Amino acid sequence: MAQGKRIILSIDGGGVRGLIPLRILESVAARMAHKGHEMVPHQCFDLICGTSTGGLIAAGLAAPKPGGARDEPAATLSELRHFYEQEAREIFTYSPAHRIGRFLSNPFGLFDETYDARPLEALLKARFGWTSMASALTHLVLTAYDIERRKAVFMGNTRQHDGTRSDDYYLWQAVRATTAAPSFFEPALIENLTTGDEQALVDGGVFMNDPALAAYLEARKMGWAAEDIVILSLGTGRAKEQPFPYKDAKGWGALGWMRPANGVPILSIFSDGQAQTASYQAGRLFNAPGEARYIRLSGPLPAGAEAMDNARPGNMITLNGVADRIIRDNTLLLDEIADLLIDRTR
C-alpha cells in the first residue's frame with residue numbers, strides 16, 4: 001500500500017506541549033511493535049520537518065548520535081519523552097541570579113527574556129555535539145526567522161530546485177534557533193557553515209508554527225510526485241477554552257501583548273492562527289486524486305494547559321491526558337498509519 005510512497009512527518013511548535021506529538025508517535029511505534037516491526041523514525045520517514053519544539057523532536061530523531069553506532073539517532077522517542085517530562089523543568093526555571101546579572105549589565109532591559117538560554121544550549125551540545133545538518137540520517141527541515149535579514153529561514157539538508165544543497169548549520173545551533181521563542185529566550189546567533197556568516201535567528205513559530213506546507217514544498221523541490229507523498233502532521237493542541245477577554249486585552253498596551261504572565265498573547269495568537277490556517281489550507285489542497293495525502297492529528301487543550309513553558313508535573317499529567325484522548329479517538333487511523341510505515345520499510 002505504501003510502497004513507493006514518500007512519507008513526511010511534520011511537527012508543530014508549542015514548547016512543553018511537544019509531549020503530545022511524542023505520545024502519538026509512541027502509540028504508532030507500539031502498534032508497529034505489536035505486528036513485529038520496530039519503528040526507526042529516520043527509516044520510516046523520508047522527511048522530518050519541525051518548528052520550535054517540533055524542530056527539537058525532528059532533530060532528535062533525524063540527527064546521528066555523536067560517537068554512537070552507525071545510523072544510531074541522537075535521541076529515541078523514550079529519551080525525548082524523558083526530556084519533556086523531566087529535563088524541561090530545568091530549562092523553564094526562572095533564574096533570579098541570571099535576571100540580576102542581566103539587569104546590572106543592562107539596567108534598562110526591564111523586560112528581558114524570561115529564561116536563561118544556557119541550560120538549553122548545554123543540553124543541545126551534549127545531545128548533538130558538533131555534527132551538522134548535512135549528516136542527518138534522513139531529510140530534515142527546521143524553521144526559523146532571520147531578524148537582521150528579515151527573512152524566513154528553512155534550515156535543512158534538502159536540495160533546491162537547481163540541485164544545489166541547502167546551507168549547512170550545526171545541529172545544536174539550528175535547534176537553538178528554531179526554539180528561540182521571543183520573550184522566552186534571547187535570539188540565537190548561529191554560524192552558517194556554507195557561507196561563513198553569522199545569522200541572528202528566532203523561533204520559526206513567529207511565521208510558521210505548523211510547517212506541513214513548507215515540508216510539502218521541500219518535497220516537491222526534490223522532485224517527489226504529489227501523488228506519492230503522505231504527510232503526517234502532528235499538532236501540539238489548541239486552547240479553545242483559553243480566550244483573551246476584550247476587557248483585559250484593551251488595557252494591555254505593547255508590553256502586555258508580550259508579557260509571559262498574560263501568556264504572551266501576540267505570540268500565542270500568531271502561532272495558533274497560522275496553525276489553524278495551515279491545517280485548513282492543507283486539508284483543502286490535498287487528499288484529492290493526484291494530490292498528496294494529508295493526515296492531521298491534534299486535539300483541544302483544557303484551560304491552563306496552553307503555556308509553552310509550564311513544565312510542572314501537574315501539567316505533564318494534563319498533557320498526557322490530552323494525548324490519551326487523541327489516541328483513543330483515532331484508534332483506526334493510528335492503526336492505518338502503522339501499516340503505512342511498515343509497508344514503507346519493507
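User: Which residues of H3 are buried?

Analyst: Buried means under 20% relative accessible area, exposed over 50% and partly exposed in between, with a 1.4 Å probe and protein chains only. Helices (H or I, at least four residues) and strands (E, at least two) are DSSP runs, numbered from the N terminus. In H3, the buried residues are Thr53, Gly54, Gly55, Leu56, Ile57, Ala58, Ala59, Gly60, Leu61 and Ala62. That is ten of the ten residues of the helix, so H3 is largely enclosed by the rest of the structure.

User: What should I keep in mind about the model itself?

Analyst: This is a predicted model, in which local features need pLDDT of at least 70 and side-chain atom pairs count only at pLDDT 80 or more, while totals for chains, interfaces and linings use all residues. Residues are numbered from 1 along each chain as its sequence is written, and side-chain values use heavy atoms, with hydrogens and water left out.

User: How many residues does the largest nonpolar core have?

Analyst: A nonpolar core is a set of buried Ala, Val, Leu, Ile, Met, Phe, Trp, Tyr and Cys residues joined through side-chain atoms within 4.5 Å. The largest one here has 80 residues, and Leu9, Phe45, Phe128, Leu142, Met155 and Leu341 have the most contacts inside it. Helix H1 (residues 19-34) gives the most to this core, with eight residues. A second, separate core has 19 residues, including Leu213 and Tyr216.

User: Which residues is methionine 155 in contact with?

Analyst: Contact means heavy atoms within 4.5 Å. Setting aside neighbours within four places in sequence, the partners of methionine 155 include Met133, Leu142, Tyr169, Ile190 and Leu201.

User: Is arginine 23 buried or exposed?

Analyst: Arginine 23 is buried, at a relative accessible area of 12%. This arginine belongs to helix H1. Not counting residues up to four places away in sequence, arginine 23 touches Arg81, Asn320, Ala323, Asp324 and Ile327.

User: What radius of gyration does the protein have?

Analyst: The radius of gyration is taken over C-alpha atoms, and the globule rule is 2.2 Å times the number of residues to the power 0.38. For 346 residues, a compact globule would be near 20 Å, and the protein has 19 Å, which agrees. Along the principal axes, the C-alpha atoms fill a box of roughly 60 × 45 × 35 Å. Buried residues account for 53% of the 346, and the secondary structure comprises 13 helices and eight strands.
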